[in-house]
Amino acid sequence: MNKNYYAILMAGGVGSRFWPVSTTELPKQFHDMLGAGSTLIQKTFSRLSKLIPIENILILTNEKYNDLVLEQLPMVKQDQVLLEPAMRNTAPCILYASLKIQKMNPNAVMVVAPSDHWIEDESEFASNLKQCFDFCESNEVLMTLGIQPTFPNTGFGYIEYNILDDNPIKKVNQFREKPNYETAKSFLEAGNFLWNGGIFIWSAQSIIASFEKFQPQMNALFLEGNESYNTNLEQHFINLNYANAENISIDYAILEKAKNVYVLPATFDWNDLGTWGQLHEKLDKDENNNGVINAKVILENASNNIVRSDANKLIVIDGLDDYIVVDKEGILLIYPKSKEQDIKRITALANKL
C-alpha cells in the first residue's frame, strides 16, 4: 500500500431525516441502516482501507461520538480520531486534519469522504480513487468525484464541466447550488452536469495553499497550533481555538473560489442515503415494492412502503401505499414518503416534548 495515501473520514453529522432511528445520541453513520451486517461507518472504513493504510485513515467527529467510533472501529487508535469541540461545518475540520497530515507526511495525498454513503462496487470506487490520487500527485489541483445523475434531483448541488472536454478528468466550470426541478431537468438534458457527492481528493500541499489564499484568517488560526499537532498538546489547542473558526463549508470556503478544480465522473454506483426514500431504493423489495428491515410483517394491499422495526413484534399493514413505517424505542413513525423532507421538522418538534 502507498504510504503517501491518507483519508479524512467525516463522521460528525446527525442524520436528522432518519429519525427516529438516527438521533443526536446515535446518528445514522453508526447504524446498520440496510440490515447488511455492518454500520455505515464500518462499511466506509473498510472500503477506504482497500487502498489506504489503516493507520493513515483519520476520523473527524464530534467529541460526543469518540467512544462510538472506537467501539465500531476497534482497529483505530485514539490519535486517529479528531474530536471537534464545536460544530463548524466542513472547512475548519478539513483544514485542521490537512495540517495534521502534512506534518506527518509532506508528500501526502488524501481523500475526504462522508462516512454515511453507500457504494456497492467497491473495486470500481478504488479504481476511481487511485486515478484521482495519481492526478493529484503530479498536478497542483483540487479534485472531486462527480456522480452521474440518474434523475433531476433537487436535493443535491451540481458540478458543471466543459462539455467539449473529452479528457477523463475534466476541469470544473462552476459549482451550482441545489436547483429547482425545471433547472435540474435542464442540467440532465445538457449532459455536462454531475451531482456533487462531497468526495474530495487533493495533496496536503494543494489544499493548504488554497486555504492560505482564500481563507487566510482561518489558516492563521489553525497554523498557530502547528507545533502541537501530533503531540499530547493537540487536543488542548483545538479545545481552546476550534470554536473561533468560521462556520463555513469547504465548497463555499475554497472550491467555489479556486480555479484549479477538476472532476472525475464516477463509474461506481452511489447513494448518499440522505432520506428514507433513498434507503428504500437500495433495499431488496417484495413484488409490491415494499422494503423491510429487521421486521416481521404481514403486508396486504400494501405497496412502495419501507418498514423497519427494532422491536420483537409482528407488524400488520393493510391498505398503505408509499409510506415510511418505523417502530423504535417508544416512537412509532407512520409518515408519507412524499413528505420525507419534513421529518427534520418533526424531529425538532419531538425533541421539545
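The legends below describe close-up views of a predicted model. Local features need pLDDT of at least 70 and side-chain atom pairs count only at pLDDT 80 or more, while totals for chains, interfaces and linings use all residues. Residues are numbered from 1 along each chain as its sequence is written, and side-chain values use heavy atoms, with hydrogens and water left out.

**View 1. An open sheet of four strands, with mixed pairing.** The strand order is β10-β12-β14-β15. Strands (E, at least two residues) and helices (H or I, at least four) are DSSP runs numbered from the N terminus; two strands pair if DSSP finds at least two bridges between them. β10 (291-293) and β15 (331-336) are the edge strands, each with a single partner strand, so one side of each has no neighbour in the sheet. On average, neighbouring strands are turned by 5° against each other, direction ignored.

**View 2. The antiparallel pair β14 and β15.** Strand β14 (residues 323-328) is joined to β15 by six bridges. Val-325 has Ile-334 of β15 as its bridge partner.

**View 3. The crossing of helices α3 and α7.** The axes of α3 and α7 (residues 216-223) come within 10 Å and cross at roughly 45°. Axes are lines fitted to C-alpha atoms, for helices over the stretch in contact, and angles run from 0 to 180 degrees between N-to-C directions. The two helices, α3 and α7, are therefore oblique to each other (under 35 degrees is roughly parallel, over 145 roughly antiparallel, 65 to 115 roughly perpendicular, and the rest oblique). The crossing of α3 and α7 is right-handed, meaning that the near helix is turned clockwise from the far one by less than a right angle.

**View 4. The second largest pocket, with a volume of about 290 Å³.** A pocket is an open set of points on a 1 Å grid over the protein atoms alone, with protein on both sides within 12 Å along at least five of seven lines; in a cavity a 1.4 Å probe fits but cannot get out, and lining residues have an atom within 4 Å of a point. Of the 16 lining residues of this pocket, Gln-78, Asp-79, Gln-80, Lys-100 and Glu-234 are the closest to its centre. β3 (81-84), α3 (90-104) and α8 (234-241) each supply at least two residues of the lining.

**View 5. The largest cavity, with a volume of about 40 Å³.** Its lining consists of Thr-44, Arg-47, Ala-113, Pro-114, His-117, Ile-119, Phe-125 and Ile-199. α1 (40-48) and β4 (109-114) are the elements that give two or more residues to this lining.

Methods
Points joined across faces, edges and corners; volume = space filled by probe spheres on them.
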